[in-house]
Amino acid sequence: MKKIILLIFIILSIFTNAKEVKELQWPNGETFLTFLEKYSIPKSLYFNLPKEDKELCSEINAGISYHLLLDEDDRLKQVLIPVSEDIQLHVAKQADGIYQFQTLPISYQEIEETLVIETTHSPYLDIMKKTNNKNLADELIRAFKSSVHFRGMQKGDFVVIKYKQKIRLGKYFGQPEIIAAMVEVNGDNNFIFRHDRDGQYYNLEGKSLTNFTFMTPVKYRRISSRFQKRRYHPVLKRYRAHLGVDYAAPTGTKVKAAADGRITFRGRKGGYGNTIIVQHKNGLKTLYAHLYKFKGGLRVGSRVKKGQLIAYVGSTGLSTGPHLHLGLYRNGVAIDPLKIIKVTKNKLKGKEKRVFLQYAKTMSNRLKNSTKQLNVLIPTKLEDLHSSTPITIRNI
């Protein structure tokens, strides 16, 4: 069912008296309901949706790019609104004039390559110059923030990054995933390696570079709904997603901060009802939704400690019963909270450590050896993405 939906838009614009497809930025303060109202679409379209789809409508973030197709009278024909790197909302006007809502997968390609840079200015500026990939530059700096003093780097030191990156419509899409990286500082090599188990970075000795862990924020009776990135339901014949974990608990149950952080949102958030969002270290944030009420004395900007009371379980918004919806995001991308809460460790042990250390040793040697091939590499074929193509080695 993967389709390049924009191609459909273009065909429709030719054959249905429609205008060109517009790529726009989602306005600050706009909600899915206000969007429907703006284009005179019945709000019943939203209120008749299943609970999971209503929650997805609350995942629309200000500033994201979405695609809009209008007819000659400026009435909505179709719209595609991404709510994650895998799922987008699709609203389209049918032949009978009725609007239909769908959740569709986002089609993209994924490349895996190694970027080798001999520094001339700074890692950030050099990555930008070679790739024009701001997210990759940001992620490298974030990943090494606690272990490397970048000011000690000298001209001629190397940066090597093995990473995965999604490509969509000829552009970088979403957040890159750094698999392993090396930063040379005045001749000394520093490494990070991503662990598939929790998505966190560890060093050459198997020690976590995050320096903190998450706790379960509520005493619950059961998990009523688990994280689901993208799944095609064979009976319903449609894609479904649930970008968080639902903990069923009685109204009034205490909700505590899963980790140290700062409150960046406190208020109503669409179908999520009363919601608190807390920003943590390393690009992570947590979202607590359907709350009965907030703990007094806390506001946007307040700092909270791990385990501190921040709210109480409720059923506000579009909820079928009292529960806490917990969302966890890394650099704006939804990830499974249970993978982080249950298994993140400060240091690997036992068999897991032995396997990881062997992997890290092999990968670090490959990263170091890649610097010797700097002058004989074949550039990657991404000329349509940026004017300067990165130097890459494939499949090291």
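Predicted model: local features only at pLDDT ≥ 70, side-chain atom pairs only at ≥ 80, totals over all residues.
User: What volume does the second largest pocket have, and which residues are the closest to its centre?

Analyst: Its volume is about 690 Å³. Of the 29 lining residues, Glu-177, Arg-194, Lys-229, Arg-330 and Ile-335 are the closest to the centre.

User: Which elements give two or more residues to that lining?

Analyst: They are helix 6, strand 7 (158-168), strand 8, strand 22 and helix 7 (337-343). Strand 8 gives the most to the lining of the second largest pocket, 4 residues.

User: How much space lies in the largest pocket, and which residues are the closest to its centre?

Analyst: The largest pocket holds about 980 Å³. It is lined by 38 residues, of which Ile-64, Ser-65, Tyr-172, Phe-173 and Gly-174 are the closest to its centre.

User: How many residues of each class are in the lining of the largest pocket?

Analyst: The lining of the largest pocket has 9 charged, 14 polar and 15 nonpolar residues.

User: Which elements supply at least two residues of that lining, and where does the largest share come from?

Analyst: Strand 2 (65-70), helix 6 (134-144), strand 8 (171-185) and strand 22 (333-335) each supply at least two. The largest share, 5 residues, comes from strand 8.

Terms used:
Residues numbered from 1 in each chain as written. Heavy atoms only, no water. 1 Å grid on protein atoms, 1.4 Å probe; cavity = no way out; pocket = protein on both sides within 12 Å on 5 of 7 lines; lining within 4 Å. Points joined across faces, edges and corners; volume = space filled by probe spheres on them. Nonpolar A, V, L, I, M, F, W, Y, C, P; charged D, E, K, R; others polar.
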